Amino acid sequence: MIILLPWPPRELSPNARVHWSTKAKQAAQYKAQGWVSYNEAKKGESRLPQPNMLLELRLTLHPPTRAARDIDNIIAQIKPAIDGIFRGIGGDDSQIRQTMAQMAHPVKGGQVVVEVLPLARTS
């Protein structure tokens, strides 16, 4: 399943120096966006992630500009949206057993592509 998210607000960066209430408001809005994006993506999907499945996330990060960015900070910024996605799934992000993140080419406004996949069994 592929879920498209807008670029995270800069206030959610671990390096942001903003008032806690501003950060909390942005986190709540981005979490809601994750839930909405999940519900849009599930339309027409035949196999949806289930609350008891172990899952893999593949994140493709399309920043809004060519400016240098720390991938670990971006992952921290999108945490509220991931929580929103898992709210839609009906589980929680403890189902994630593997994550891969890659920076990709910039796109206007920025975008995060989240692939949610059943974890491949290795035995």
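**Chatting through the sheet and its helices**

Reader: Hi! Which residue stands opposite Leu61?

Author: In this predicted model, Leu61 stands opposite Met103, which belongs to E3.

Reader: Nice. How many bridges join strand E2 to E3, and do they run parallel or antiparallel?

Author: Seven bridges join the two, and E2, residues 55-62, runs parallel to E3.

Reader: And what is the strand order of the sheet?

Author: The order is E1-E4-E2-E3, in an open sheet of four strands with mixed pairing. The edge strands are E1 (2-6) and E3 (96-103), each pairing on one side only. Neighbouring strands are turned against each other by 20° on average, direction ignored.

Reader: Which strands does helix H1 touch?

Author: H1, residues 20-41, packs on the sheet and touches E1 and E4 (111-118). The helix direction makes about 145° with that of E1.

Reader: What about H3, which strands does that helix touch?

Author: H3 (residues 79-89) touches E1, E2, E3 and E4 as it packs on the sheet, and its direction makes about 140° with that of E2.

Reader: Which residues of H3 are buried?

Author: Pro80, Ala81, Ile82, Gly84, Ile85, Phe86 and Ile89. These buried residues pack against E1, E2, E3 and E4, and also against H1 and helix H2 (71-77).

Reader: What follows H3?

Author: Gly90, with a positive phi near 95°.

Terms used: Residues numbered from 1 in each chain as written. Predicted model: local features only at pLDDT ≥ 70, side-chain atom pairs only at ≥ 80, totals over all residues. Heavy atoms only, no water. Pairing = 2+ DSSP bridges. Axes fitted to C-alpha atoms, helices over the stretch in contact; angles between N-to-C directions. Contact = heavy atoms within 4.5 Å. Buried < 20%, exposed > 50% of the residue type's maximum accessible area, 1.4 Å probe, protein only.
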